[in-house]
Amino acid sequence: MATDYYAVLGVRRDASQDEIKKAFRRLARELHPDVNPDPKTQERFKEINAAYEVLSDPQKKQVYDLGGDPLSQAGGGAGGFGAGGFGNFSDIMDAFFGTASQRGPRSRTRRGQDAMIRLDIELDEAAFGTTKDIQVDTAIVCTTCNGEGAAPGTSAQTCDMCRGRGEVSQVTRSFLGQVMTSRPCPQCQGFGTVVPTPCPECAGDGRIRSRRTLTVKIPAGVDNGTRIQLAGEGEVGPGGGPAGDLYVEIHELPHAMFQRRGDDLHCTVTLPMTAASLGTKVPLETLDGLEEVDIRPGTQSGQSIPLHGRGVTHLRGGGRGDLIVHVEVMTPSKLDPEQERLLRELALLRGEERPTGQFQPGQQGLFSRLKDAFNGR
Ligand SMILES: [Zn+2]
Ligand SMILES: [Zn+2]
């Protein structure tokens, strides 16, 4: 045996593949002809290439360990960079650029895309949570070819242009020396395999479109724009790849009575002046059923009455928001003579027959007070 490949790379005979690779990279960086054009160094470079070609390939390593010369069988004894050594090319590139990405053919199998679907729900469904059946148009694994992409009875074959590597390399000479470039194989688009007879059902994509019905649990407290993630319910990937996720985006339909702000609900009740003054109970259909809103005597226009815990469930942490009833007092108009007489009598009794009014700066009405409440004043 002429050369001790282990000695050439400076590794022990029981070195792991990782140690062999590291040793090769270190030497390749030192001894590459572009870095070090000295003829003696170039000889060394060929040696370490040959050594790596043998020791990095389990089959060749076994032949070598048993006393044979695997390179004489494979490449007529020449070995090294010049002949048959192109298998090491990506490792040489790794030694220089430190990248191990994009090695070998790319897989036909990829993860599927995420999908999003919009779901309209009613306010009470958002408040208490619900379960919905939704129809989803999505890509599923092709049942004819099981995602392989090949017509039944046929299979993908190793690409003869790149011999399954997925890329083709080209050597050109420049004033810097030999430059090797590699690009994805044009015949197989880098997959390393070709499908001679694509599946007629999916045209080789490995997936077909299908409509499914999914049952989605909507938690209590969701709001407009809340997204519920359903892992693995999105599109299946090409080549039978794992499915992406499905996002259900909540769109809350407007409610006839209640306006939602955060987890609180707001509505307005209009009351006659007499009721606001004397007090009353008014029925209100809340999300929890019919309830009576207690209007206390002397309630003013613009006052709000909170019904605690009658709002929307907090999405996190439990508990519920409030239902806030805003009061608007109606001034009686179109009075008949008897009503007018009674009102004048009331004004007289209250000493209000010639009121001067109380002036305050700015606008103090319901609208501005609401606005101030939102602006945090
Ligand atoms: Zn198919
Ligand atoms: Zn190819």
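The model is predicted, so local features need pLDDT of at least 70 and side-chain atom pairs count only at pLDDT 80 or more, while totals for chains, interfaces and linings use all residues. Residues are numbered from 1 along each chain as its sequence is written, chains are lettered from A and ligands numbered from 1 in the order in which they are written, and side-chain values use heavy atoms, leaving out hydrogens and water.

**Zinc sites**

- The zinc ion (ligand 1) has Cys142 (SG), Cys145 (SG), Cys199 (SG) and Cys202 (SG) as its protein donors, lying 2.3 Å from it. Donors are N, O and S atoms within 2.8 Å of the metal (3.2 Å for Na, K and Ca), and since water is not among the atoms, sites may look incomplete.
- The angles among these four donor atoms are 105 to 115°, which makes the arrangement tetrahedral. Four donors count as tetrahedral if all angles lie between 85 and 135 degrees.
- The spacing of the donor residues of ligand 1 in sequence is C-x2-C-x53-C-x2-C. Cys142 sits in the loop between β2 (130-141) and β3, and Cys202 in the loop between β6 and β7 (207-218), so this pair ties together parts that are 60 residues apart in sequence. Strands here are DSSP runs of E with at least two residues, and helices are runs of H or I with at least four, numbered from the N terminus.
- Cys159 is in the loop between β3 (157-158) and β4 (167-174) and Cys185 in the loop between β5 (177-184) and β6 (193-194), so the pair ties together parts that are 26 residues apart in sequence.

**Three-stranded sheet**

- An open sheet with mixed pairing runs in the order β1-β9-β8. Two strands pair if DSSP finds at least two bridges between them.
- At the edges stand β1 (115-121) and β8 (227-230), each with a single partner strand, so one side of each has no neighbour in the sheet.
- β1 and β9 (residues 246-252) run parallel and are joined by seven bridges. Leu119 stands opposite Ile250 in β9.

**Four-stranded sheet**

- A second open sheet, also mixed in its pairing, has the strand order β10-β11-β15-β14.
- Its edges are β10 (259-261) and β14 (304-307); each has a single partner strand, so one side of each is left without a neighbour in the sheet.
- β11 (residues 264-272) pairs with β15 in the parallel sense over eight bridges, and Cys267 stands opposite Val325 in β15.

**Largest pocket**

- The largest pocket holds about 510 Å³ of space. A pocket is an open set of points on a 1 Å grid over the protein atoms alone, where a 1.4 Å probe fits, with protein on both sides within 12 Å along at least five of seven lines; lining residues have an atom within 4 Å of a point. Points are joined across faces, edges and corners, and the volume is the space filled by probe spheres set on them.
- Of the 16 lining residues, Met273, Thr274, Ser277, Val329 and Leu346 are the closest to the centre.
- α8 gives the largest share of the lining, five residues.

Definitions and conventions:
Four donors count as tetrahedral if all angles lie between 85 and 135 degrees; four count as square planar and six as octahedral if opposite donors are over 155 degrees apart and all others between 65 and 115; anything else is irregular.
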